[in-house]
Amino acid sequence: MRLLRAERGWSQERLAEEAGLNRTYLSAVERSEQNISIDNLYRVAQGLGVESWQLLKAE
């Protein structure tokens with residue numbers, strides 16, 4: 001998620017707006033301090049314009 005967000009030059013705030021989620025929640029997910037639900041994973045993927053599985057793929 002962080003890599004795809006950075007490739008677009010988006011801030012966490014921008015991704016949060018696109019996905020309809022709280023910025024502090026996304027920040028905690030990126031830092032592996034909080035797990036992400038399947039529903040929110042889908043919302044982030046939609047916000048980024050990618051398929052959900054792409055967020056799960058190991059780089």
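Where is the place of S32? S32 sits in the loop between α3 and α4.

## Basis of the report

This is a predicted model, in which local features need pLDDT of at least 70, side-chain atom pairs count only at pLDDT 80 or more, and totals for chains, interfaces and linings use all residues. Residues are numbered from 1 along each chain as its sequence is written, and side-chain values use heavy atoms, with hydrogens and water left out.

Helices are DSSP runs (H or I, at least four residues), numbered from the N terminus.

Most residues other than glycine have a negative phi. S32 is a residue other than glycine with a positive value.

S32 is exposed, with a relative accessible area of 66%. Here exposed means over 50% relative accessible area, buried means under 20%, and partly exposed is in between, with a 1.4 Å probe and protein chains only. E33 also lies in the loop between α3 and α4, and at 56% relative accessibility E33 counts as exposed. From E33 to V44 the separation is eleven residues in sequence and 17 Å in space, C-alpha to C-alpha.

## Helix α2 against α3

Two packed helices are described by the angle between their axes and the distance between the axes. The axes are lines fitted to C-alpha atoms, for helices over the stretch in contact, and angles run from 0 to 180 degrees between N-to-C directions. Helix α2 (residues 12-19) packs on helix α3 (residues 23-30) at an angle of about 110°, and their axes are 9 Å apart. Therefore α2 is roughly perpendicular to α3, a term for angles of 65 to 115 degrees.

On the α2 side, the contact (heavy atoms within 4.5 Å) is made by Q12, E13, L15 and A16, and on the α3 side by R23, L26, S27 and E30. By class, this contact of α2 with α3 has three nonpolar, two polar and three charged residues. Ala, Val, Leu, Ile, Met, Phe, Trp, Tyr, Cys and Pro count as nonpolar, Asp, Glu, Lys and Arg as charged, and the others, Gly among them, as polar.

## Helix α2 against α4

The axes of α2 and α4 come within 8 Å and cross at roughly 105°, so α2 is roughly perpendicular to α4. L15, E18 and A19 of α2 meet R43, V44, G47 and L48 of α4 in this contact. Its classes are four nonpolar, one polar and two charged residues.

## The covered helix and the core

Helix α3 is mostly covered, with six of its eight residues buried. Those buried residues are Y25, L26, S27, A28, V29 and E30. Their cover includes α1 (2-8), α2 and α4.

In soluble globular proteins, nonpolar side chains tend to be buried together. A nonpolar core is a set of buried Ala, Val, Leu, Ile, Met, Phe, Trp, Tyr and Cys residues joined through side-chain atoms within 4.5 Å. The largest nonpolar core has 15 residues, and L15, L21, L26, V44, L48, V50 and L55 have the most contacts inside it. Helices α2, α3 and α4 (38-48) each supply at least two residues of this core, and α4 gives the largest share, four residues.

Leaving aside its neighbours within four places in sequence, V44 is in contact with M1, L15, A19, L21, L26, I36 and L55. N40 is in helix α4 and is buried, with a relative accessible area of 15%. Leaving aside its neighbours within four places in sequence, N40 is in contact with L21 and Y25.

Key. Parallel < 35°, antiparallel > 145°, perpendicular 65-115°, else oblique.
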